[in-house]
Structures are given as structure tokens and as C-alpha cells.
Amino acid sequence: MQLGEVIRRHRKERNMTQEEMAERLGVTAPAVCKWESGQAYPDITLLVPLARLLSVDLNSLLSFEEKPEEKEINGLVEEISRMAVQEGFEQAFCEAVRKIKEYPSCYELILGLASTLQGLMLFVPEDVENGERYEKEIRGWYERVVAHADSYLSKKACEQLFYQYVNNGNLAKAEEILQKMPQEEEEAKQAKISLYMKQGNFTEARLLLENRLLTAAGHIQQALGALTVIALKEDDLENARFLADTLSESVKTLQLWEYGSFSAYLEVYCEEKDIGGLIRIFKGMLESADKPWKLGETKLYRHIPQREQEGLLPGLLKKDLADMLLHEEKLAFFRESEAGSAFLKTIQA
């Protein structure tokens, strides 16, 4: 809060007129008016008497400990955006500089203003006179947040600073900033891909991208399977069948192991007590378990090294499938049926 606003608020709380305040401090009423409107500031020798008159300490009078709340920060950032549109980027930039000087340790505000102004820079003509100065100042704000803010804000500032360096072609600085980012997080992995692409290191970029695609494909498969279960619990068989079909198609499209395409159908056919459908699914699962999934033979993941332990999966899966058929309570109806019993004998032979 501005000093003038503080003076006005406390003066009114004490039912004191500007004339009364002026008289007690030995100044004129117009001087008090200028303080409260922000046109002038009290002489430094008047600060202590002013604080005593208003019954506040100097820290409160000068808003020394005050930081804007989240709502106020958002409002300030939005105001800068509106100012850029209505009054021009230079006016918005100067106001942001003033706000940061007013709240030099409010890193949430500094980061918000830096990010907003960097985004607005896209609409500033490249040949604008102050373009380089703007970028340098914004970069300095990011660096201040990286150096002094908490881990969350520092991480966000690192991300923004990284892409500013990449876009400016300063790849050495971008790599330096990348090392400060948590390497296990997705933001850092994406940043690394961007850096490799900019460097022309397509081998490393491709490997990271294939790994990200494989991870995302696995998440899609798990999500569709879980959604199928939810649909069945809600007695929505039509949607459960649709989700099972979608899962099966996604396994083919994303070149995942065929074995995973059967799990959702298993749940659906169990719910429907479909003996024939279950036999088809179990046959498909047994056949696919015998077909090792080789990443090198796919087009999407062929550069990812094959994991040695993946060779053990077929035997383990076939054993788990046999145990499920023999012991799972939900498959009791299958074991008790003539066709199901006959199928079990074939896999036990």
C-alpha cells in the first residue's frame, strides 16, 4: 500500500481532518492533501511525529513488512496486461519496474510480472528501440527469483529463463540453467529435448521423445483400463465395451504389447458371464504371452534399449493367468461351465 493511502486510512480512522493533521504537524492542509494523493511525500523529519500522531509504528506507516496477497498480486499482473494493450508496452513496462521497486522481495509478483511481460514481448515489433533493454531487465528479474525465492518459484523462474536463453541462441547459458532444474521432473526433460533440438543433437532428442511417448502410452492404457472398471461398477456395460474397444485399438496404434489389449475385455466378459468371450480372450492372452515384445521391432520405440528382464515376462504372465483361472472367485462360473472346464484341461495338459 502506498504511503499516501496509509496516511489517509489512519487519519480517517481517527476522525481527523486534513486541516487538523496539518495544524498538529506544523504544515499546510494542501501539503497533507498532496501526501495522500501521492503527489508528494512528507519530509523525513516528519515521519516519526506523523507515526505518533496516527498511533502506528514506522514499519506500519511505511508498509515495510507488507507484501501483497495473492489476489492483489493477480490484480497487479492483470493491470499490467491491460496497460500494455491500452497504453502501450513501454507504459506497462515502466509500471512493472515501479511495482518491483515497491515490493523488491515479493518474488511471486516479480515472477508474475516477468512472465507476463515476456509473453507481451511477442507483440512488440522486433525493431523497437528498447527491445533489448526490456529483455535484459526481464532476464534480471528471473535471475533474482532463481537466486532468492523458494524452490517452487525458483523452479518456475528457471523454466522461463531457460527458454529465453534458448530463443536468444545463448545455448551455453540455457544448459547452465537446465542444470539447476530438478532433472527427474517433466519440465526438465522437455527443456532438455528443446536444447538438444536447438543444438541439432537429434539422436539424444529422439531417445528422450521415444521414452516420453512410451510412458504416455502406458498411462493411456492404464487409464482406459481403470475407466472400464468404473463403467462396470456403474452398470454401464455399453460404455465399458466402448472403453475396452478403445484400449485394444490404442494398444495397436501405439505399438504396445498385444497382451495388454485383453485386460479390459476380461473384465467385461466376466461381468457378462460370457464363456465364449472369455475363452477367446484367454487364448489371445496365452498366444501373445509367447510373442516377446521387442522395442527394436517397433517404429515408435526402436531406439530404446531392450530391457533384459522383459524376456522373463512371458513365463510369469502365463503362470499368473493359469493361477487366475484356477483360483479367482469371479471366474468360478467359468470353471463350473462345460466349455470353461474343457478349456482349463487344455492349459493344464
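This is a predicted model: local features need pLDDT of at least 70, side-chain atom pairs count only at pLDDT 80 or more; totals for chains, interfaces and linings use all residues.
**Helix α6**

Helix α6 covers residues 70-87, which makes 18 residues.

Which residues of α6 are buried? They are I73, L76, V77, I80, M83 and A84. Seen down the axis of α6, the buried residues fall within an arc of 115°, so they line one face of the helix. Just after the helix comes G88, with a positive phi of about 105°.

**Salt bridges**

Side chains of opposite charge can pair when their charged atoms come close. How many salt bridges does a search of the whole structure find? The search finds 17. Three of them are set out below.

| Pair | N to O distance |
|---|---|
| R14 and E13 | 3.6 Å |
| E186 and K189 | 3.6 Å |
| E258 and K291 | 3.9 Å |

E186 and K189 both belong to helix α12 (residues 186-199). They sit three residues apart, about one turn of the helix. Both ends of this pair are partly exposed, E186 at 41% relative accessibility and K189 at 31%.

E258 and K291 form a salt bridge in which the closest N and O atoms are 3.9 Å apart. This pair links distant parts of the chain, as its two residues are 33 residues apart. E258 is in the loop between α14 and α15, while K291 is in the loop between α16 and α17 (313-327). E258 counts as partly exposed at 37% relative accessibility, and K291 is partly exposed too, with a relative accessible area of 46%.

Salt bridges can also join into a network. Here E95, R98, K99 and E102 are linked in this way.

**A nonpolar patch on the surface**

Which residues form a nonpolar patch on the surface? The patch is made of V48, L58 and L62, which together have about 220 Å² of accessible area. V48 is part of helix α4 (residues 47-53). With a relative accessible area of 35%, V48 is partly exposed. The cut-offs for that class are 20% and 50%, so a value of 35% falls in between.

Most residues other than glycine have a negative phi. Q255 is an exception to look at, with a positive phi near 55°. It is found in the loop between α14 (237-253) and α15 (263-272). Q255 is partly exposed, because its relative accessibility is 24%. K273 also has a positive phi, near 55°, and is likewise a residue other than glycine. Where does K273 lie? K273 lies in the loop between α15 and α16 (275-289).

Notes. Residues are numbered from 1 along each chain as its sequence is written. Side-chain values use heavy atoms; hydrogens and water are left out. Helices (H or I, at least four residues) and strands (E, at least two) are DSSP runs, numbered from the N terminus. Buried means under 20% relative accessible area, exposed over 50%, partly exposed in between (1.4 Å probe, protein chains only). Patches are made of residues with over 30% relative accessible area and no salt bridge: like charges are joined within 9 Å, nonpolar side chains (Val, Leu, Ile, Met, Phe, Trp, Tyr) within 5 Å. Accessible areas come from the Shrake-Rupley method with a 1.4 Å probe; for residues, only the protein chains shown count as cover. A salt bridge is a side-chain nitrogen of Lys or Arg within 4 Å of a carboxyl oxygen of Asp or Glu. The expected span of a helix is 1.5 Å times one less than its number of residues. The arc is that of the directions from the helix axis to the C-beta atoms.
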